[in-house]
Amino acid sequence: MSKRVADVLVETLQAAGVKRCYGIVGDTLNRITHAISESKIQWVHMRHEEAGAFAASAEGQFTGELVACAGSCGPGSLHFINGLYEANRNRAPVILIATQIVRQDIGFSSVQEVDFTSVYKDCSVFCEMILMPGHARRKMVAACQAALTKRGVAVLIVPADISSAAAEEERPYTVHARQPVIRPSDADLDAIAAILNDSDAITIYAGAGCAGAHDQVVATADRLKAPMAHTSRGKDFVAYDNPYNVGMTGMIGGAPGYHAVLNCDTLLQLGADFAWAQFYPDRAKIIQIDHDATHIGHRHPVTLGVVGNIKETLEALLPRLRQHDDNKFLAAYVKRHQKMLESANAETAGSDATISGTYLAKLINKHAAKDALFAADDGTALVWALRHLDTSDKRRCFCSLLHGTMASAMPSAIGLQKCQPGRQVVCLAGDGGIAMLLGDLLTVVQEKVPIKIAVFNNGKLGFIDIEQKSAGLVPMYTDLQNPDFGEVAKAMGFWGHSVAKAGDLEESVKTWLAQPGPALLDVKVNPMQLVMPPSPFVSPEAVVGMGVYTAKAILEGKGRDVWEMMVENVP
Ligand SMILES: Cc1ncc(C[n+]2csc(CCOP(=O)(O)OP(=O)(O)O)c2C)c(N)n1
Ligand SMILES: [Mg+2]
């Protein structure tokens, strides 16, 4: 047979820009992987499909190009689901080829039969099955185009008998994925300018929609003498080289950003769709600009909401804005932010002291390359990464902020390293997180991806431990009996090392980062360090909760834990 449908599918994927396909081979997928082996697409041989989806998600988020995953029927293609939620929520263009049992067996509760259409509906922008060989090219084009233009996950379900069938003549469908420039009308821009020109206490609230608009955001802040707070997802795009930056708001943000948003007269919300309504001002006028119409007024009522790309909208808006001169409002928040940074940077540690998670994050920040890419696990590692890693137009940090899943960091680092082979890629993993997809450390070795992994080893599901304590509960089921991850890594083919004393940490971090190949540093971090929200957000419930936990813990003979927690967290 000259050409099969599998060849057409792979040819179409390649023409759509796919460079890598992450997955595990098997039965219904074999024709397709065979076609991939004869194409320019690189197959990345994972140990767990979920890790493959995280890797594809990170690659897609970083490059904006289409990335593929492929799985065998039933459980093989099912395993991607958590990583695909992560990809879809982050608007990463990812396509899953979910192979299916042969058509004649569908609908009979056959072995390995799974209804992927219903499974993947909620985490995709496209989810369709190829019903006949003559539709293969057209449906693959539709899937790729949906992933690239709607920015999300496309799932193409391919029955095995279709991929092995002879290719049929089809019209020459190809993927079209040019992005439009979206900008509000002149009348709407005038209305925005009228509100801003009339206000002297304006705060800019910048989110991930500001990607590519750094200079325009800074110019707008300068014109309005406005402090700029940002979301955690917006940090990489706007926080650097920005004298107007007053930091992150939200539960893991800081007080200056939080107060700047709450105390302004007018909030200019740019590409930010931050979920929690309590972090928006109730009395200020809110102007919201977002490229996605469904985000407008979605989290909190707004005064004026318009649809537009941030860069182009600000370019059109700037000539309409008067130069504000009064910088009292701005100066107050910039000063508070500077003070906060100074006190964070003042942390020191005695040589025999235990290592705090914050100290480790700061040393990684200090010694990592200026253009390093980071990925951090949900849990305390994510909090320390967002607070203490300096990112910029060259340095990015990837976290699971919308989906909030554990274990995404190490596989994300694999995806980042695959698409950026010459660059330093650093993973900040939790001990719970690294253990969850531990098998894919073998992928790191087998695929020769020289990522650097630091395990924040606090011997527990730390974030949940803190949650339970602040709800007044004595922590349950949060303890982890861990191996020495440095030794585990060595056994798997990594450079591995473990460190427990603060005095040894800086040298260890330097040596770890200097390794040419994959390297894992297991760092015993203090299990009692708390994640403190910005001061107004240490809620009365949490204070009472900690008090109740303290009392219960003492009554249950765990006074030592309470003592350590106090010593570690009360300055
Ligand atoms: C897949 C998944 N399971 C459970 C959770 C709930 N959860 C969030 S953080 C966390 C603890 C993470 O522990 P670890 O990786 O050790 O990080 P730490 O907080 O201790 O730094 C858990 C269980 C989740 N977010 N995702
Ligand atoms: Mg932990």
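**Ligand shell and sheet**

Mentor: Of the 19 residues around ligand 1 (C-beta atom, placed from the backbone, within 6 Å), those that come nearest are Gly 379, Thr 380, Gly 430, Gly 432 and Gly 462. This is a predicted model, in which local features need pLDDT of at least 70 and side-chain atom pairs count only at pLDDT 80 or more, while totals for chains, interfaces and linings use all residues. Residues are numbered from 1 along each chain as its sequence is written, with chains lettered from A and ligands numbered from 1 in the order in which they are written.

Trainee: Which helices each supply at least two residues of that shell?

Mentor: They are α16 (380–388), α18 (431–436) and α20 (462–470); helices (H or I, at least four residues) and strands (E, at least two) are DSSP runs, numbered from the N terminus.

Trainee: Now the sheet: what is the order of its six strands?

Mentor: The order is β2-β1-β3-β4-β6-β5 in an open sheet with parallel pairing, where a pair requires at least two DSSP bridges. At the edges, β2 and β5 (126–129) each pair on one side only.

Trainee: How many bridges join β4 and β6?

Mentor: Seven, in the parallel sense, with β6 covering residues 153–159. Ile 95 stands opposite Ala 154 in β6.

Trainee: And which strands does α2 lie across?

Mentor: Helix α2 lies across β1, β2, β3 and β4.

Note on methods
Two residues are in contact if their C-beta atoms, placed from the backbone, lie within 7 Å. Axes are lines fitted to C-alpha atoms, for helices over the stretch in contact, and angles run from 0 to 180 degrees between N-to-C directions.
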